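Q: I'm new to reading protein structures. Could you walk me through one, feature by feature?

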Amino acid sequence: MKEAILSTLVYYHLWGDAPLTAIEIYQHLFWLDNFPKKAGFDDFLSYLDKLVAEGKIFARGGYFFLVEDDFFSRQKNYKISLLKKKRLLWYLKFFVWWPTIKGLAVSGSLDADNARGESDWDVLVICRQGYVWLTRFWLAFISHLLGRRRYQRKIKDRFCWNYFLANQKIHSKYQTFGQAQMFSRLVPLFGQDEFIFLWKKNNQWIKKFLPNFPEDYQKNVWLIDNFFWVKIERSLGKILSLILVQGKNWLRRWQKEKINRSNTGLAIKYNYLSLSDDLLIFHYPPSRGVLAEERLEEWMNKSQKSKIKSQKSK
């Protein structure tokens, strides 16, 4: 259990210098071969207290962390994240009317309330089947017109449309610990029913990595589904849908060719860049958060080797 707690805290330190509350650690605690898949919360707390007493982790203000600076950064980042979410919500009025959009959710550092001042707005998009490329084009185009599309060094408070899915059952090769962490942290802004369905379709494999995560979808205060202006915009989008969805095949070919040209000769891992017709992932170049899973594996391997050495020396 101690190793599981330490590994979870190491992951979130590598992911974004993020300290966690006891509940957050428990919910995001991932399975290792040497401890039960389901652990009681009381037992978990006792191990957490032991780690603090042994000086292996630190505790302050309800947070647990490995490096003291992480605590101060999250205190600051929490306030920044709230302001960023409010600003992002204001801009959603320019996007929710688009008829091929079924759901929008905040991801990345913003969903964990750990965004820095210079951070962008990572958004996951659920689309109508067969329309991921067309949806991506128009979201990028509209956000560019608004001066809110992330590109080159223009990052702060700009939309980063980096994850589009139409088939809500995630393919097995993308069912990783890092993906489980991402889906468990999502903060839906629009399309609550779609995210409830997404969670049900992927709950089984996510809980293989995060056995303590709640069975049911967790609602949040940021949803705009029931706002009057959202319903008006969605109705308008339906009326115009026959016109707006034209050219999807041409836009698909053009975007794929452009992306492939820009990445010619690069050995890019599939989990950094996916260009299928039901799943688009744009995590290249990979951010610190995307690389955290690989760095955690390296840390665990080094930790295991040092244990073996210490046992041999005894």
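Q: Among contacts in the protein with a separation of 6 or more, what share comes from residues 24 or more positions apart?

A: A contact here means heavy atoms within 4.5 Å. In this protein, 73% of the contacts with a separation of 6 or more join residues 24 or more positions apart. Before we go on: this is a predicted model, where local features need pLDDT of at least 70 and side-chain atom pairs count only at pLDDT 80 or more, while totals for chains, interfaces and linings use all residues. Residues are numbered from 1 along each chain as its sequence is written, and side-chain values use heavy atoms, with hydrogens and water left out.

Q: How many helices and strands does the protein have?

A: Helices (H or I, at least four residues) and strands (E, at least two) are DSSP runs, numbered from the N terminus. Here you get eleven helices and nine strands.

Q: What radius of gyration does the protein have, and what would a compact globule with 314 residues have?

A: The radius is taken over C-alpha atoms, and the globule rule is 2.2 Å times the number of residues to the power 0.38. For 314 residues a compact globule would come out near 20 Å, and the protein has 21 Å, which agrees. Its C-alpha atoms fill a box of roughly 75 × 45 × 35 Å along the principal axes.

Q: In what order do the three strands of the open sheet lie?

A: Strands of a sheet pair through backbone hydrogen bonds, either parallel or antiparallel. Two strands count as paired if DSSP finds at least two bridges between them. In this open sheet the order is β1-β3-β2, with antiparallel pairing. The edges are β1 (20–21) and β2 (58–60), each pairing on one side only. Over three bridges, β2 pairs with β3 (residues 63–65) in the antiparallel sense, and Ala59 has Phe64 in β3 as its bridge partner.

Q: Which helix lies across β1, β2 and β3?

A: That's α4 (residues 68–91), running at about 135° to β3. Axes are lines fitted to C-alpha atoms, for helices over the stretch in contact, and angles run from 0 to 180 degrees between N-to-C directions.

Q: At what angle do α1 and α3 pack?

A: Two packed helices are described by the angle between their axes and the distance between the axes. For α1 (residues 2–16) and α3 (residues 41–53), that's about 70° and 9 Å. Angles under 35 degrees count as roughly parallel, over 145 as roughly antiparallel, 65 to 115 as roughly perpendicular and the rest as oblique. So α1 and α3 are roughly perpendicular to each other. Where they touch, Lys2, Ile5 and Leu6 in α1 meet Phe44, Tyr47, Leu48, Lys50 and Leu51 in α3.

Q: Is Gln152 buried or exposed?

A: Buried means under 20% relative accessible area, exposed over 50%, partly exposed in between (1.4 Å probe, protein chains only). Gln152 counts as exposed because its relative accessibility is 72%. Asp157, at 10%, counts as buried. Gln152 sits in the loop between α6 (132–145) and β6 (159–165), and Asp157 lies in the loop between α6 and β6 too. Neither is a glycine, yet phi is positive: about 50° for Gln152 and about 55° for Asp157.

Q: Which residues is Trp229 in contact with, leaving aside its neighbours within four places in sequence?

A: Those are Leu92, Lys93, Val96 and Ile224. Trp229 is part of α9 (residues 228–244), and at 29% relative accessibility it counts as partly exposed.
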